Amino acid sequence: MEPRGLGDRLGALVVSLVVIVSALVVNVSGNLVFPVSHKFNGRQGASLSELKSHDDRRHARFLGATQNAVDVVLGGNGHPSENGLYYAKLGIGNPSHDYYVHVDTGSDVFWVMCSECSKDECPTSSEIKGVNITLYDRKSSSTSKVVTCNDNFCDLVNKQERQKSDCKANETCNFKLTYGDGESTSGYYVKDDVQFQKASGNFQTSNSSESVVFGCTTKKSGAKNNPNSAVSGLIGFGQANSSMLSQLVAAGKARNKFAHCLDNTKQGGGIWAIGEVVEPKIKNTSPIVPNKDHYNVVLEKIEVGDDVIELPKSGGGVFDNLFGSSSDQNNMAIFDSGTTLAFLPPELQEQIVKKILAKEPGLELRTSGEFTCFEFSKKVDEIFPIVKFSFKNSASMRVYPHDYLFTLKEDDKWCHGWMKSKPGSKTSIILGDMILSNKVIVYDLEKQVIGWTDHNCSSSIKVKDDQSGSDYSVQYHNLADSDASSLRLTMSFVLLVTAAATAMLQMISI
């Protein structure tokens with residue numbers, strides 16, 4: 001074989017670099033899927049459904065539809081011994097700054113801590129991996145505006161909170177919120193640009209923004225001031241017109257439906273999307289009970305394995321005390337992503353726990369903090385029963401042992417997450433992340449139903465983008481892995497440079 005010339009060697013080097021760069025892209029991007037557009041080469045051969053979809057997209061464009069599917073970047077986990085919450089990252093202001101906020105389907109108002117809040121009132125650091133506490137400074141944003149009492153939003157939120165206001169025109173519109181766990185926050189409302197990621201292709205997003213009213217917190221107290229679970233604020237996904245979702249819907253920027261898939265494995269994170277989920281197919285749906293502050297659904301039956309748990313009947317039961325006996329909707333459950341565990345009236349909680357633990361007689365129960373725990377070295381899914389909730393419309397939800405049992409830091413010590421509601425609680429059954437995780441949960445506020453199906457939340461879902469008429473894949477996120485991703489990118493770049501240098505030396509030496 002004849003020696004190669006310099007041109008041949010350089011050509012080989014270019015090919016090597018292309019191969020290396022291709023490997024780098026595949027390694028970094030993971031589930032990279034290129035968007036595919038469908039075009040009809042004439043109408044012949046196209047199915048009626050394809051033609052209808054094509055026409056629907058055209059009609060949406062004629063009508064000026066701007067509703068986008070939104071990918072909310074998620075982090076956190078529902079493990080009680082760790083964060084015990086899920087949070088999202090949003091950009092606020094102009095110029096934009098990143099804020100990590102707790103995502104909560106059990107409340108409505110979106111708020112962030114503000115620069116006026118003192119260190120004694122608001123946390124300034126967080127021990128959650130990858131989370132930085134940022135205080136919102138409205139004076140540093142060119143698009144920020146204080147909401148006054150004569151603003152329609154102020155009147156709306158006062159009616160929503162069922163409170164009288166002595167707020168006068170041109171005065172600042174203030175707020176004070178108290179949550180079920182005792183946490184409280186107060187301050188005033190502002191309006192500013194909020195940046196979010198709209199789905200623009202399979203596993204692809206582009207930046208978009210909308211002016212949104214949110215709370216500027218100047219005083220705060222409660223458990224989330226603890227650095228172990230501190231974030232910069234909270235975004236409520238409740239049904240009220242004051243929520244960020246409702247504001248996006250009113251502005252024509254989003255559909256009035258959203259979904260989440262909370263990964264409760266050791267990995268954490270998950271998927272949170274605004275829009276219509278088209279994949280996976282939702283197998284169970286149940287109507288949302290009207291005229292309630294939360295996402296209530298009618299509960300008809302609870303089963304632990306083959307045993308049916310007796311629900312309170314009309315005539316003085318705990319549900320009658322809460323909701324009255326004149327309705328057939330006495331037995332209700334609330335879907336609440338802002339709650340970590342499951343809370344039930346004592347009479348129900350005791351029945352469920354008794355039936356579960358009866359499957360393994362002889363367990364030595366111990367109290368660890370507020371949890372009931374036991375040592376166990378076998379596989380929990382092989383021993384303990386599935387708990388099945390049956391809702392109106394024959395919709396059922398299965399909760400597996402690996403969902404309702406969790407380990408603390410001690411080896412082989414398992415605890416259950418079935419908790420008793422606090423005395424005097426004004427709620428029925430609260431289904432928190434322990435129940436809702438590892439499933440796609442859809443909140444369709446247009447049809448007023450909640451739907452769900454089991455799903456691997458570390459994978460992806462597909463949502464419909466009404467503006468383009470396309471179905472886009474929305475991927476799993478875990479904000480806690482952002483540092484690890486940066487490290488992988490840096491290491492890949494180092495490997496690329498090293499490989500290129502090695503290839504160059506080999507070419508020259510030939």
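In the hairpin of S29 and S30, Gly469 takes a positive phi near 80°. Four residues lie between the two strands of this hairpin. The model is predicted. Strand S29 covers residues 460–465 and strand S30 covers residues 470–475. The two strands run antiparallel and are joined by six bridges. One of the paired positions is Ser460, whose bridge partner in S30 is Gln475.

Strands of a sheet pair through backbone hydrogen bonds, in either a parallel or an antiparallel arrangement. In a regular strand, side chains alternate between the two faces of the sheet.

Aromatic contacts were examined next. The count comes to 22 aromatic pairs. One of them joins Phe237 and Trp272, with ring centres 5.1 Å apart. The planes of these two rings stand at 50°, so the pair is tilted: stacked pairs need planes under 30 degrees apart, and edge-to-face pairs need over 60. Phe237 lies in the loop between strand S10 (233–236) and helix H4 (244–250). Trp272 sits in strand S12 (residues 270–274). The pair therefore ties together parts that are 35 residues apart in sequence. Both partners fall below the 20% cut-off for burial. Phe237 is buried, with a relative accessible area of 2%. Trp272 counts as buried because its relative accessibility is 0%.

Ring pairs also build a cluster. Its members are Phe335, Phe389, Phe391, Tyr404, Trp418 and Trp452.

These details sit within a chain of 510 residues. Its secondary structure comes to ten helices and 30 strands. Of the residues, 48% count as buried. The chain exposes about 25500 Å², and carbon and sulfur atoms supply 50% of that area. Among contacts with a separation of 6 or more, 69% come from residues 24 or more positions apart. The pair of Phe237 and Trp272, with its parts 35 residues apart in sequence, illustrates such a link.

How values were computed:
Residues are numbered from 1 along each chain as its sequence is written. This is a predicted model: local features need pLDDT of at least 70, side-chain atom pairs count only at pLDDT 80 or more; totals for chains, interfaces and linings use all residues. Side-chain values use heavy atoms; hydrogens and water are left out. Buried means under 20% relative accessible area, exposed over 50%, partly exposed in between (1.4 Å probe, protein chains only). Contact means heavy atoms within 4.5 Å. Accessible areas come from the Shrake-Rupley method with a 1.4 Å probe; for residues, only the protein chains shown count as cover. Two strands pair if DSSP finds at least two bridges between them. Rings of Phe, Tyr and Trp (its six-membered ring) pair if their centres lie within 6.5 Å; planes under 30 degrees apart count as stacked, over 60 as edge-to-face and the rest as tilted.
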